[in-house]
Amino acid sequence: MTATATSTPINTTTTTTIATRVRDRALATPKAVAMREKDFGIWREVTWAQYWQRIQEVGHALLALGIEHGDRVAVHSENRREWLYSDLGAVSVRAITVGLYPTNPPAEVGYLLSHSGARVLIAEDQEQVDKALEVLDSCPELEWIVYIEPRGIRHRYENSKLMAWEEFLALGRKHMAEHPDAVAQRMAAAGSDDILTLVYTSGTTGPPKGAMLSVSNVEFAISALVDGGGFTSPPPGPNDILLSYLPLCHVAERIFTTWYNAGAGVQVNFAESVATVQPNLREIQPTILFGVPRIWERILAGVQIRLASASWFKRLNAKLWTGVANGIADTLVRTGGNHTFGSRLRYALGWLFYYRSLRERLGMSNVRFAASGAAPIAPEVLKFFMGIGVPMHEVYGMTENTAVATGNRPGRVKLGTVGEPQNNTELRIDPDTGEIQTRHGGTFVGYYRDPAATAAAMTPDGWLKTGDVGEWIDGTHVRITDRAKDIIITSGGKNISPSEIENGLKASPFIKEAIVIGDQRKFLSALIGIELETVGEWAQRRNIAYTTYRDLGEKPEVLKLVQSIVDEVNSKHAPVEQIRQFRMLPKELDHEDGELTATMKVKRSAVGKLFAELVEDIYG
Amino acid sequence: MKNRPLLYTSYAGEMGLLNTRAKQLSVGLMILVALVLPFVLDDQWLSLLAICAATAIGAIGLGLVTGYAGQVSLGHAFFIGIGTFTAAVLSGDPNGRTLGFGITNMLIWLPAAGLVALVAGIIVAPLATRLRGLYLAIVTLGLVVIGEHIFAEWSDVTGGLGVGRPPATLDVAGYHVGVTDSVGTKDQKAYWLMLILLVVFALAARNLARSKVGRAFTAIRDRDIAAGVIGVNLPRYKTIAFAISSFYAGCAGALLYPLIGFIEPGSFNLGMSVLYVAMVLIGGAGTISGAIAGAFFITLLPTLTRQLMPLLPFISESSDRIPNLLQLQTILYGVLIIGFLIFEPRGLFGIWIRIRSYWKSWPFSY
């Protein structure tokens with residue numbers, strides 16, 4: 001090594017991690033934009049050089065706090081720049097990032113902090129700090145709580161464990177001045193077996209489990225999903241722009257935000273909050289858009305509601321071109337996503353009058369690849385977006401295989417399937433149970449502090465049991481029937497997949513939640529939750545007065561509306577798969593009340609218990 | 001960032017003078033069309049449009065104080081008069097019947113006219129900082145009354161009531177604009193000059209409106225107490241509003257009368273003030289383009305009504321018959337003001353806003 005090389009804190013590490021990837025980008029393109037965040041009305045830009053500088057400061061600060069290889073650093077925040085600084089800072093000193101959902105109630109925060117044994121918690125604001133302080137006694141290993149937003153905390157809270165973000169960074173800068181090479185040395189020692197992050201799965205049954213993902217898991221995911229174009233094809237690059245708005249503790253958003261950013265240089269833009277996704281989308285006009293089904297359903301419902309209240313001429317225009325779009329979508333479904341001359345011509349005409357402006361309003365003008373994943377979605381929803389010219393692809397993966405399983409590829413889309421296995425991925429369907437199993441370099445290391453659950457998730461020969469039941473379509477594509485444990489077996493002995501029926505119902509803009517019941521019962525029934533916004537609007541236009549969610553849901557007119565939707569869905573299914581009766585949920589399901597997981601999936605068992613009276617009313 | 005008109009990465013970008021592609025294109029196109037108009041229209045129309053442009057500068061001035069800062073002023077005619085006479089005195093014939101200093105260069109008399117009016121505005125401003133609403137309107141009305149008296153009596157400067165005096169000469173650094181030569185006819189050249197000045201004054205006003213000063217103005221208009229609470233220095237910004245408005249008025253007066261060719265001291269009366277208020281209201285209070293549109297509309301109205309005459313044979317052109325053209329015009333002004341206030345309070349600009357938002361919200365309605 002020459003003298004100049006030792007004076008610069010940059011060594012070449014043998015193992016590539018997401019931290020070295022950011023470092024290399026900061027060296028190659030220091031002035032290029034790495035991310036943006038809206039602050040006081042302006043999208044503030046962060047360059048790669050600034051990003052890397054901040055990561056180093058966080059890394060040094062963690063070293064100054066005595067964080068060792070393998071220690072856990074928890075982040076409890078909405079998506080923002082500091083999330084990435086903290087994540088990458090922790091990775092740079094070989095610590096393990098643990099993400100907490102901003103919606104996690106205190107009890108869950110306590111469970112996650114104590115189970116992971118986090119030594120440092122980076123909490124966003126007073127709300128999250130309060131949750132941590134409430135459960136501080138149950139987390140003996142927690143030494144520091146770093147808060148990002150000082151409002152309400154500074155000068156008011158007296159706790160020796162609290163530290164402001166600015167103090168934290170100052171600590172890092174001081175450490176950096178004293179030990180300029182400390183982070184670089186720690187990084188150089190990183191191995192591919194290092195655990196990089198714990199991703200706690202949402203846990204529709206039982207408490208959340210912390211899946212350990214190693215450096216090599218993440219690198220495999222980047223090679224398959226980013227470089228290999230598994231989730232975005234052609235592969236993403238520095239000119240791609242995306243909006244980060246789903247929780248970063250979920251593996252899907254972590255891929256699209258952190259790993260796309262570090263792996264391919266994609267520019268990340270942080271939405272102000274989940275509530276402002278629509279206006280933010282319109283401003284950012286991303287080129288790559290990933291959404292969970294709930295987001296796509298909401299956007300579709302929003303379009304329908306706003307069209308319903310448009311002037312007659314605009315309604316007429318929309319009706320005409322929506323009809324044409326359906327035709328285009330049918331063609332695309334037939335051809336796997338390739339335009340024919342006829343569909344291209346129809347689209348060009350509609351682009352002038354409708355599709356162009358509609359896509360602009362939705363923030364999808366520049367979307368070159370849209371993906372839906374993390375939960376099953378109704379094909380009608382996907383078709384809508386395909387028809388208006390948004391290239392929509394359903395993809396599939398789970399935390400335990402670092403989200404590497406299958407994806408639809410442009411031009412080879414099969415609607416209703418989750419696509420073809422990714423590159424370098426082995427995928428098989430167990431002939432006995434129909435369960436999908438995967439084996440590749442992204443298979444997780446195991447559940448943290450839970451060898452029993454780890455053993456249960458794997459087959460003896462190293463295949464990961466996904467817990468999803470599926471089948472091959474045409475030998476190339478995979479169709480998922482349902483989660484294995486969700487499959488309903490009626491008392492008549494018929495196997496029924498509830499999610500298909502539920503998604504059919506949820507494709508209606510008026511229905512937010514649908515839970516099909518019928519295990520060991522004579523017939524199928526459903527608990528249905530309305531979408532307050534759209535049904536409220538619908539009721540207003542019909543002069544139906546209502547007070548609360550419950551009141552609205554029990555109006556005879558609304559019941560009739562829901563019945564008509566149920567009838568329509570029933571008409572597409574065989575008699576045994578039809579819903580004979582339904583009841584309205586008296587409240588909106590909520591994460592805090594334990595009815596939904598942090599990713600807004602329904603906890604069937606909890607709902608079944610909470611609304612047992614309704615269920616008994618149906619069958620009783 | 002291409003194709004992302006709503007993505008602002010700096011405040012400068014968001015507050016840009018012409019912050020969208022559509023605005024840049026449309027303003028550029030409008031200026032281009034305006035520049036080539038002289039090759040299409042005959043001189044009679046051009047001279048009328050030049051008057052419109054000069055009037056528009058005055059309307060922008062009133063728009064700043066009334067539309068942006070919300071201070072109703074009926075004294076605009078007074079400031080226009082001050083500017084007119086300052087320019088006329090400076091460029092007047094030293095040996096003539098009325099006072100004159102023989103400085104014919106517009107580059108001198110135009111700023112001077114504006115500045116003298118501005119000083120007058122600053123002197124009046126303390127009234128405005130103490131009064132508001134109706135009281136302010138009445139006080140500024142008093143200003144016009146005083147002005148009318150001075151203009152009528154100070155005949156050395158104004159030539160006296162019913163007699164008048166010649167206005168300033170349009171002479172830019174030795175080049176006579178008001179004379180036909182090889183470049184173009186005098187009307188063509190005057191039109192171009194006025195157009196350029198209007199663009200300069202309008203952009204300057206737009207620039208002011210988007211700045212800290214402009215935001216202070218709108219804050220005062222929306223609620224002066226609230227503005228004071230959030231830290232807007234009320235006396236200071238009300239003074240600025242009156243000063244700038246008077247500057248615009250002075251310049252407008254100085255430019256307007258050389259086009260008309262003669263100054264009648266009696267014309268700076270309440271009627272003129274009301275006409276300017278009408279321009280701002282009909283055009284759309286609180287917008288620069290609205291003030292310009294209002295000025296053009298009101299100034300062109302007499303000509304337009306005359307064009308309509310063949311369609312209304314029962315209306316006479318001579319003023320001693322009833323109903324005659326003059327009466328029709330007066331009634332029309334009244335009807336227009338009432339009509340706009342009731343049906344389109346945001347003025348001509350409001351109509352444009354409505355059309356724009358119809359297409360902007362496409363394919364939805366909001």
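Reader: Let's start with the sheet that holds β24, β25 and β26 of chain A: in what order do the strands run, and how do they pair?

Author: Chain A here has an open sheet of 3 strands, ordered β24-β25-β26, and the pairing is mixed. This is a predicted model, by the way. β24 (511-517) and β26 (579-584) of chain A are the edge strands with a single partner strand each, so one side of each has no neighbour in the sheet. On average, neighbouring strands of this sheet are turned by 25° against each other, direction ignored.

Reader: Which helix packs on that sheet, and what does it touch?

Author: Helix α17 (residues 498-506) of chain A does, touching β24, β25 and β26 of chain A. The direction of α17 makes about 155° with that of β24(A).

Reader: And in what sense do β24(A) and β25 of chain A pair?

Author: Antiparallel: β24(A) and β25 (residues 524-530) of chain A pair over 6 bridges. If you want one pair to click on, take Ile517(A), whose bridge partner in β25(A) is Ser525(A).

Reader: Okay, zooming out. How many helices and strands does chain A have?

Author: Chain A has 22 helices and 26 strands. Its radius of gyration is 25 Å, close to the 25 Å that the globule rule gives for 620 residues, so chain A is as compact as a globular protein of that length. The C-alpha trace of chain A spans about 75 × 55 × 55 Å along its principal axes.

Reader: What does the domain assignment give for chain A?

Author: Domain 1 (1-30 + 46-191), domain 2 (215-434 + 471-481) and domain 3 (487-619). The C-alpha centres of domain 1 and domain 2 of chain A are 32 Å apart.

Reader: How many residues of domain 1 of chain A are in contact with domain 2 of chain A?

Author: 19 residues of domain 1 of chain A contact 17 residues of domain 2 of chain A. On the domain 1 side, α2 (18-28), α4 (81-92) and β4 (96-100) of chain A each supply at least two residues. By class, that side of domain 1 of chain A splits into 8 nonpolar, 5 polar and 6 charged residues.

Reader: Now the 8-stranded sheet of chain A. What is its strand order?

Author: It goes β7-β6-β5-β3-β4-β8-β9-β19 (chain A), an open sheet with mixed pairing. At the edges stand β7 (162-164) and β19 (446-447) of chain A; each has a single partner strand, so one side of each is left without a neighbour in the sheet. Within the sheet, β8 (residues 195-200) and β9 (residues 210-214) of chain A pair in the antiparallel sense over 5 bridges. There you'll find Val199(A) opposite Ala211(A) in β9(A).

Reader: Which strands do helices α7 and α9 of chain A lie across?

Author: Helix α7 (residues 165-178) of chain A lies across β6 (144-147) and β7 of chain A, at about 80° to β7(A). Helix α9 (residues 215-227) of chain A lies across β8 and β9 of chain A, at about 75° to β9(A).

Reader: Next, the other chain. How should I read the interface?

Author: Interface size is often given as the accessible area lost when the parts come together. Here we can go by contacts: 21 residues of chain A are in contact with 13 residues of chain B. The elements giving two or more residues to the chain A side are β2 (42-47), α11 (277-284), α12 (293-308), α13 (312-335) and α14 (341-362) of chain A. α14(A) gives the most, with 4 residues. The chain A side has 8 nonpolar, 7 polar and 6 charged residues.

Reader: What ipTM and pTM does the predictor give the complex?

Author: An ipTM of 0.80 and a pTM of 0.87. For chain B, the mean pLDDT is 91, and 100% of its residues reach 70 or more.

Notes. Residues are numbered from 1 along each chain as its sequence is written. Chains are lettered from A and ligands numbered from 1 in the order in which they are written. This is a predicted model: local features need pLDDT of at least 70, side-chain atom pairs count only at pLDDT 80 or more; totals for chains, interfaces and linings use all residues. Domain bounds come from an automatic or database domain assignment. Two residues are in contact if their C-beta atoms, placed from the backbone, lie within 7 Å. Ala, Val, Leu, Ile, Met, Phe, Trp, Tyr, Cys and Pro count as nonpolar, Asp, Glu, Lys and Arg as charged, and the others, Gly among them, as polar. pLDDT is the predictor's confidence in each residue, from 0 to 100. Two strands pair if DSSP finds at least two bridges between them. Axes are lines fitted to C-alpha atoms, for helices over the stretch in contact, and angles run from 0 to 180 degrees between N-to-C directions. The radius of gyration is taken over C-alpha atoms; the globule rule is 2.2 Å times the number of residues to the power 0.38.
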